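Here is a short report on charged side chains that pair up. Look at the structure first, then read on.

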Amino acid sequence: KPAVKKGYDTAILTNLSGQNQTVAADFAAVKTLSSPRFGVILRYQDPKNFYLMYRQLGSGGTLRINRVVNGNMKTLKLINFPNPIPDEAHGILLADTFFHLEGEAEGSTLKFKVDGVVQFSVKDPTFTSGNAGIYMGSNNTTIHRADNFTAIVK
């Protein structure tokens, strides 16, 4: 059985760098009580400089675009967004209720999509290129799911 720890983890694809990026993955939460976060990383420079777009589940579900500069995180935009709703009547549990997150960086515009629909965008010129990655975790040892990670540089 794998070791499970509290906290948030990232994985960076270091051999795919560029200015115009689309980074996406499918995620599923086992529980929302642990306030899990699921997201994508764009224009990653190093562990202290990148853009992070994530969905946080729980009592106050949100979507955020954050900028991390010198290790300091600043929220560029945040909106309330409902938790995924499982179809338990048809045997589909929360852990099987995948949602698709996609972040896009083109020029200074950053777009955040959920299930193919643009939820909002912001303009920020701080990082002009970089690597791509994925981000997920929670404040307890609950295991969550990620699948179908893609990163495209144009």
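## A buried pair

Arg67 is buried, with a relative accessible area of 16%. Buried means under 20% relative accessible area, exposed means over 50%, and partly exposed lies in between (1.4 Å probe, protein chains only). Asp124 is buried too, at 5% relative accessibility.

The side chains of Arg67 and Asp124 form a salt bridge, 2.4 Å from N to O. A salt bridge is a side-chain nitrogen of Lys or Arg within 4 Å of a carboxyl oxygen of Asp or Glu. This pair links distant parts of the chain, 57 residues apart. Arg67 sits in strand E5 (residues 62–69). Asp124 sits in the loop between strand E9 (117–123) and strand E10 (130–138). Strands (E, at least two residues) and helices (H or I, at least four) are DSSP runs, numbered from the N terminus.

## About the model

The model is predicted: local features need pLDDT of at least 70, side-chain atom pairs count only at pLDDT 80 or more, and totals for chains, interfaces and linings use all residues. Residues are numbered from 1 along each chain as its sequence is written, and side-chain values use heavy atoms, leaving out hydrogens and water.

## A network of charges

How many salt bridges does the structure hold? There are four. Glu102, Glu104, Lys111 and Lys113 are linked in a network of them.

Glu102 meets Lys113 at 3.3 Å, N to O. Glu102 lies in strand E7 (residues 99–106) and Lys113 in strand E8 (residues 109–114), so the pair ties together parts 11 residues apart in sequence. Glu104 also bridges to Lys113, at 4.0 Å, N to O. Glu102 is buried at 15%, Glu104 at 12% and Lys113 at 18% relative accessible area.
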